[in-house]
Amino acid sequence: MRTVFAWIGVLAAAIPVVQGQTPPSDISIEPVRTYSLLREDEDWSFLKNKSLRQDLWDPLKYIPLGPDGWFLTIGGEARDVLEQVGNDNWGRQPYINRFFLQRYMPHTDWHFGKHFRAFVQLKSGLESFRAGGPRPIDEKKLDFEAAFVEVGTGQGDHWITLQAGRQELNYGSGRLVSVREGPNVRQSFDGARLKSQVGAWRIDLWAVRPDLDRPGFFDNVPDHRTAFWGVYATRPWRRRVSFDSYYLGLDRKSYTYNRGTAQETRHNLGVRLWRSPATKEADWDFDYEATWQFGHFGSDGIRAWTVASDTGYTFSSVPMKPRISVKADISSGDDPRKGSLGTFSPFFPIGNYFGVLADTGAGPVNFIDVHPRLQTRLPKGVSISTDLVVQWRESLYDGVYAVPGFLLVPAGNSRARFVGYRPGIEARWQIDRHAWVQADYGVFFAGEFLKQASPGRNINYTEFWVGYKF
């Protein structure tokens, strides 16, 4: 951690140098009017030109504060979810649990010239009617999701900015670092981050602690038992192909795997090669990622890994523009007969890792899966996605873990490999740029391992969503 903070100090000192190298840009760029997953990434400065204002909310997107380059952006989003889960945790909760989730996230983005900015985003996640009460991912009455200051510049091909405070992190496909969008309460972190552009490379470096979400009002605190740091670099290559490489470090004072509970320090080296789905003509797309993890768990070493793939083809000239894809993933599990811990850790993964089951079911730890999917687009902003996830254990001596990485079902004496399979369907209607509705349905059919090591009942999962952004 001392080394990471030293890097931050060196790079922060380089800000004036990089700013001096930034050439002025007078190239006209088409305004981007879409809403980002991380609202801090949006740039509404083009609305200084009042002739470009088209939307009801545009006057709130650029509020002049005096001097040129001083302005305020106001935005927000709301999401309501009616959720029903039957036989959660494969029957350890052997009943149908129906509950209602609400999320509200207003934000303000303050720009004080070209080199200073403050971003504040509130979050309120509310839960009603859930048997057993709210989980940590369900309820946070009111707190800051983000509250940081940023100094630097973000123009040209060479720039660097420093962010300090509470912020969101989301990188790559979200398999290891994400904002946890699926569940009701998103993940945030406290610390410092350097964001930079060096030619074609976009490079971020950070040292943070994850926030502990408590259910009350403004009572979140950093998790002082967990430290998280890393470097993530990405660049476009050619023919819509991009390349990512990264190092992640995680230190937890105590964590539990099938092997037991101990302190762990885990290092992660990864690479990713990806090509986004085609939009204008029929073409292939892919997302391939490989990660190696090492470190120590108590007195034992760590030797873990994962390889993930997603290969698809979009038929752009065919009605409904179908995209057919297949994911095939594997992540290592543990064998306690060996000296080193072999359980892969997903760190802070995306919430709906396996499609529609956003907050229940198995996660990407000690698993092998095959995941075919068909996505179609209908008129009037309607899309339908159907998929099937088939899952096995990679190690017969390790258990089944939840999406965040904690142990759900210990291995026990079972040596069955098959965990189960889940068909699912998702229908979404993007009414306009702001409003959307969605319905999800899935069933996790328990396989032989779950029938031997747990009650082994099938999980039924239904969700109805409605959302609005401005």
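Trainee: Which side chain meets aspartate 190 in a salt bridge?
Mentor: The side chain of arginine 166 does, at 2.9 Å from N to O. A salt bridge here is a side-chain nitrogen of Lys or Arg within 4 Å of a carboxyl oxygen of Asp or Glu.

Trainee: What kind of model is this, and which pLDDT is needed?
Mentor: The model is predicted, and local features need pLDDT of at least 70, side-chain atom pairs count only at pLDDT 80 or more, and totals for chains, interfaces and linings use all residues. Residues are numbered from 1 along each chain as its sequence is written, and side-chain values use heavy atoms, with hydrogens and water left out.

Trainee: Where do aspartate 190 and arginine 166 lie?
Mentor: Aspartate 190 is in strand E9 (residues 189-198) and arginine 166 is in strand E8, so the pair ties together parts that are 24 residues apart in sequence. Strands (E, at least two residues), like helices (H or I, at least four), are DSSP runs numbered from the N terminus.

Trainee: Is aspartate 190 buried or exposed?
Mentor: Aspartate 190 counts as buried, at 17% relative accessibility, and arginine 166 is buried with a relative accessible area of 11%. Buried means under 20% relative accessible area, exposed over 50%, and partly exposed in between, with a 1.4 Å probe and protein chains only.

Trainee: Which residues are linked with Asp190 in a network of salt bridges?
Mentor: The network links Asp190 with Lys140, Asp143, Arg166, Asp211 and Asp219. Within it, lysine 140 forms a salt bridge with aspartate 219, their closest N and O atoms being 2.3 Å apart. That pair links distant parts of the chain, 79 residues apart: lysine 140 is in strand E7, and aspartate 219 is in the loop between E10 and strand E11 (221-222). Lysine 140 is buried at a relative accessible area of 0%, whereas aspartate 219 counts as partly exposed at 23%.

Trainee: How many salt bridges does a search of the whole structure find?
Mentor: The search finds 40. Another one joins the side chains of arginine 186 and glutamate 181, at 2.8 Å from N to O.

Trainee: Turning to the strands, in which sense do E6 and E7 pair?
Mentor: Strand E6 (residues 116-128) and strand E7 (residues 140-152) pair in the antiparallel sense over 9 bridges; pairing requires that DSSP finds at least two bridges between two strands.

Trainee: What does phenylalanine 228 touch?
Mentor: Not counting residues up to four places away in sequence, phenylalanine 228 touches several residues, including Leu169, Val177, Trp206, Leu248 and Phe348. Contact means heavy atoms within 4.5 Å.

Trainee: Where is tyrosine 257 found?
Mentor: Tyrosine 257 is found in strand E13, and tyrosine 257 is buried, with a relative accessible area of 2%. Its contacts, leaving aside neighbours within four places in sequence, include Arg252, Glu264, Phe297 and Tyr401.
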